[in-house]
Protein chains: 2
Amino acid sequence: MNELFAEVITIGDEILYGQITDTNTQFISNKLAEIGIKTIRKSSVGDDSSSILSVLAEATQRANIIVLTGGLGPTKDDITKHTICHFFDTNLVIDEATLAHVTAFFEKRGRPMLDINAQQALVPKIAEVLFNDWGTAPGMWIEKNGVIYISLPGVPYEMKLLMEKRVLPKIKSLFKLPCIVHKMIHTCGVGESFLAQTIELWEDNLPKNLKLAYLPSLGIVKLRLTATGYDESAIHGVIQSQFNSLINLIKPYYFSDVFDAKLEAIVGDLLKSKSKTISTAESCTGGFIAHKITSVAGSSVYFKGSIVAYHNDIKVHQLHINPSDIDNAGAVSETVVAQMAQGALLKFDTDYAIATSGIAGPDGGSVDKPVGTVWIAVASRDKIITKKYTFGSIRENNITLASVYGLKMLYDLLQESN
Amino acid sequence: MNELFAEVITIGDEILYGQITDTNTQFISNKLAEIGIKTIRKSSVGDDSSSILSVLAEATQRANIIVLTGGLGPTKDDITKHTICHFFDTNLVIDEATLAHVTAFFEKRGRPMLDINAQQALVPKIAEVLFNDWGTAPGMWIEKNGVIYISLPGVPYEMKLLMEKRVLPKIKSLFKLPCIVHKMIHTCGVGESFLAQTIELWEDNLPKNLKLAYLPSLGIVKLRLTATGYDESAIHGVIQSQFNSLINLIKPYYFSDVFDAKLEAIVGDLLKSKSKTISTAESCTGGFIAHKITSVAGSSVYFKGSIVAYHNDIKVHQLHINPSDIDNAGAVSETVVAQMAQGALLKFDTDYAIATSGIAGPDGGSVDKPVGTVWIAVASRDKIITKKYTFGSIRENNITLASVYGLKMLYDLLQESN
């Protein structure tokens with residue numbers, strides 16, 4: 001068959017006005033690229049049918065896969081479905097499965113189902129429904145004259161789940177796509193450029209059919225190795241051998257090769273496998289480490305609790321920090337953060353603890369302790385490790401960085417005790 | 001003159017393939033909206049001339065202001081300038097001012113100027129140069145047949161400065177622009193569809209020059225009222241009077257009309273203005289409420305601390321919950337969450353407290369307490385309010401919803417005590 005070309009279309013005035021950031025199109029073109037489908041155009045139009053009709057007509061001339069997001073909600077300004085009917089000269093019919101799903105959705109919440117909610121079960125007659133387990137607006141799949149039209153809700157988490165669970169598997173089942181194998185290498189605690197320098201020689205000698213991408217986020221740099229070809233087992237072989245030699249170069253920073261691994265989940269798995277428990281004592285991170293740990297399903301097995309000791313009184317009364325240490329060394333100091341970690345171990349009777357104390361900013365900095373100064377401690381029942389970090393000036397970044405680095409310090413401590 | 005319609009075009013493979021997030025188009029359409037110019041289409045295409053030529057031709061049919069970003073760098077995959085010459089059937093000429101600027105730029109840094117750097121001074125003959133004090137790639141302004149074409153570098157900070165210092169002032173000097181006024185109405189604790197039904201009559205009777213948009217996110221629905229016209233004071237008058245009547249319909253859910261308001265910051269401002277303090281006792285939200293509160297700069301003034309009581313032992317030992325209540329009513333119950341809130345008030349000696357206990361999922365649900373069941377309590381020193389919510393099946397959404405609803409319950413309690 002011919003090569004597949006995709007276009008991604010976002011519908012919504014709020015994106016045109018620039019009032020919300022469109023993250024959907026990036027996610028979609030990324031996912032399509034991962035299965036070897038090239039996006040050739042992205043467009044955003046407003047919630048008006050003439051714009052939607054013209055962008056659909058134009059895309060039909062260029063692409064054979066067209067993904068639309070947005071405009072499937074129940075409210076007045078959402079007109080995508082009616083416009084799709086107009087475009088394909090069809091009409092809306094009730095999808096019984098979706099209606100039952102929407103009805104149950106409201107029953108479960110003990111909320112009355114309104115007409116406009118029931119209308120979510122209306123789909124164009126010629127559309128195949130992509131069932132939305134995660135919301136009330138169904139996805140739609142329409143094929144006409146060799147072009148596939150996919151319409152998804154604009155709510156990011158619903159769109160993402162529909163892409164991953166419905167759209168991508170269906171596309172893969174329909175077309176013989178080149179085999180593209182990805183290997184994700186997760187690192188923490190090293191900058192993108194230092195990492196690039198460290199692996200420069202290895203990267204320069206990569207075989208032609210392998211590509212390396214740097215995917216940096218706060219505290220984490222993911223390296224994505226991508227191999228393309230038609231001999232699947234050969235592809236897997238070459239990517240695995242390159243992976244092995246890469247790992248040897250970056251051992252101190254590496255923590256997982258699971259594609260969508262999260263550091264907090266990796267740490268959780270280690271704790272579970274060792275039947276150990278964890279608690280946190282947080283000042284500058286304000287509960288964000290506890291949130292990260294408990295964002296993992298099943299974390300109640302190993303996470304017992306946290307104290308957010310924001311005010312110094314709380315540090316003294318709840319974690320038994322020596323007040324004179326706060327007076328002399330300051331709350332942001334090695335001795336205080338170490339006592340916080342030990343305090344958490346005792347208070348929650350856990351095997352491990354993470355503690356943070358720092359200046360998140362924007363205010364509160366000084367010459368010797370500028371904004372971004374953070375002390376982190378990780379403790380086991382017989383060992384305690386402290387580190388000082390100097391991050392930047394942006395509050396939310398400092399909170400995230402301190403949380404990620406704290407989790408990585410715990411990961412390293414858990415590795416030791418193997 | 002006729003109304004101005006803008007299109008924003010981004011050029012670059014890295015955006016098309018989803019390798020980088022495009023923040024430029026949002027900034028540009030936002031700035032255009034602020035001076036009353038409506039963006040009617042956004043497109044992104046790759047670094048190939050045929051795509052650039054076709055998107056330019058299409059945009060010329062629809063818009064009278066076309067802003068392009070990207071593809072102005074010195075490297076060979078940057079072909080925007082040559083393609084623009086092709087499109088306007090003109091040729092590149094040296095802009096002496098830019099050449100002098102680029103030369104000085106490299107002299108100042110003691111770096112040799114390469115041919116490809118000198119080429120940055122080449123501009124299409126028919127273009128007016130938008131001088132770029134902040135980088136080496138000049139902006140360009142071309143007018144043809146009543147359409148204005150503006151080409152800007154893709155480097156965000158250069159693009160932003162060129163927009164603010166060159167493009168917007170020039171547009172404003174050329175046209176008498178309509179005035180567009182936005183009013184944002186933030187609501188919490190009500191679904192988009194229920195809200196739509198509540199205000200249906202009001203919405204149906206909105207004057208023609210007013211438009212309403214629903215911007216839903218987890219737990220929060222923002223309503224954006226947009227009014228357009230030439231008489232600025234009249235516009236402000238009409239939007240204010242419509243705003244007033246809207247507020248009366250949605251009082252229980254409304255919490256702010258500050259354009260980019262965040263609930264946690266609004267609650268923080270209330271606490272600060274009353275010189276009151278807050279703490280949290282969190283089970284299912286796992287510290288996320290504390291994180292939201294402490295994500296606000298200056299929150300240390302009113303936030304003292306939190307206990308994340310994930311394990312029942314912690315609820316009993318740290319918050320003095322009656323163990324028999326946990327045995328009889330269960331940890332997810334009104335009596336336990338009420339005791340948690342009171343426990344936090346005492347433990348942290350604060351004026352207010354928020355407590356949560358629920359089943360975030362995916363496991364742990366039962367017939368009478370399905371996944372998504374959450375009890376929330378807010379307490380002052382003389383009052384305690386408890387509510388039961390039934391959210392959905394997705395863990396991270398349940399955590400977010402419980403946190404947002406808890407903050408809204410506190411907001412309501414703070415309002416009462418006025």
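In this predicted model, 4 cavities of 30 Å³ or more are found. The largest cavity holds about 240 Å³ of space. Which residues lie nearest its centre? Of the 20 residues that line the largest cavity, these are A:Asp22, A:Thr25, A:Ser44, B:Asp22 and B:Thr25. Chain A gives two or more residues to this lining from each of α2 (24-34) and β2 (38-45), and in chain B the elements that do so are likewise α2 (24-34) and β2 (38-45). By class, the lining of the largest cavity divides into 12 polar, 4 nonpolar and 4 charged residues.

Three elements of chain B, namely α9 (200-204), β10 (210-217) and β11 (220-229), each supply at least two residues of the lining. The lining of the second largest pocket has 10 nonpolar, 9 charged and 5 polar residues. Both kinds of space are found in one way: rolling a probe the size of a water molecule over the atoms shows where empty space is left.

Chain A can be taken as a whole next. Its secondary structure comprises 16 helices and 17 strands. The C-alpha atoms of chain A fill a box of roughly 80 × 60 × 45 Å along the principal axes. Of the 418 residues in chain A, 56% are buried. The domain assignment divides chain A into domain 1 (5-174), domain 2 (179-256) and domain 3 (263-416). Between the centres of domain 1 of chain A and domain 2 of chain A, taken over C-alpha atoms, there are 34 Å.

The aromatic residues come next. A pair of aromatic rings is described by the distance of the centres and the angle of the planes. Over all chains, the structure holds 20 aromatic pairs. One of them joins A:Phe88 and A:Tyr149, with 4.8 Å centre to centre and 80 degrees between the planes, an edge-to-face arrangement. What does this pair tie together? A:Phe88 belongs to helix α4 (residues 80-88) of chain A and A:Tyr149 to strand β8 (residues 147-152) of chain A, so the contact links parts that are 61 residues apart in sequence. Both A:Phe88 and A:Tyr149 are buried. A second pair, B:Tyr389 with B:Phe391, is stacked, with 5.5 Å centre to centre and 10 degrees between the planes. B:Tyr389 counts as buried because its relative accessibility is 14%, under the 20% cut-off. B:Phe391 is buried as well, with a relative accessible area of 6%. Returning to chain A, the residues A:Phe87, A:Phe88 and A:Tyr149 form one aromatic cluster.

Rings also meet charges. A:Lys183 lies over the face of A:Phe243, at 4.5 Å from the ring centre. In chain B, the charged end of B:Lys183 sits over the ring of B:Phe243, 4.5 Å from its centre.

The backbone has some points to check as well. A:Gly361 and A:Pro362 are joined by a cis peptide bond with omega of about 5 degrees. A:Pro362 is placed in the loop between β15 (352-358) and β16 (373-380) of chain A. In chain B, a cis peptide bond joins B:Gly361 and B:Pro362, where omega is about 0 degrees, and B:Pro362 lies in the loop between β15 (352-358) and β16 (373-380) of chain B.

Positive phi values occur too. A:Asp89 is not a glycine, yet its phi is positive, at about 50 degrees. Where does A:Asp89 lie? A:Asp89 is in the loop between α4 and β4 (92-94) of chain A. Is A:Asp89 buried or exposed? A:Asp89 counts as exposed because its relative accessibility is 71%, over the 50% cut-off. In chain B, B:Asn145 has a positive phi near 50 degrees and is likewise a residue other than glycine. B:Asn145 is found in the loop between β7 (139-144) and β8 (147-152) of chain B. With a relative accessible area of 73%, B:Asn145 is exposed.

Key:
Residues are numbered from 1 along each chain as its sequence is written. Chains are lettered from A and ligands numbered from 1 in the order in which they are written. This is a predicted model: local features need pLDDT of at least 70, side-chain atom pairs count only at pLDDT 80 or more; totals for chains, interfaces and linings use all residues. Side-chain values use heavy atoms; hydrogens and water are left out. Helices (H or I, at least four residues) and strands (E, at least two) are DSSP runs, numbered from the N terminus. Ala, Val, Leu, Ile, Met, Phe, Trp, Tyr, Cys and Pro count as nonpolar, Asp, Glu, Lys and Arg as charged, and the others, Gly among them, as polar. Rings of Phe, Tyr and Trp (its six-membered ring) pair if their centres lie within 6.5 Å; planes under 30 degrees apart count as stacked, over 60 as edge-to-face and the rest as tilted. Buried means under 20% relative accessible area, exposed over 50%, partly exposed in between (1.4 Å probe, protein chains only). A charge sits over a ring if NZ of Lys or CZ of Arg is within 6 Å of the ring centre and within 35 degrees of the ring normal. Domain bounds come from an automatic or database domain assignment. On a 1 Å grid over the protein atoms alone, a cavity is a set of points where a 1.4 Å probe fits but cannot get out, and a pocket is an open set with protein on both sides within 12 Å along at least five of seven lines; lining residues have an atom within 4 Å of a point. Grid points are joined across faces, edges and corners, and a volume is the space filled by probe spheres set on the points.
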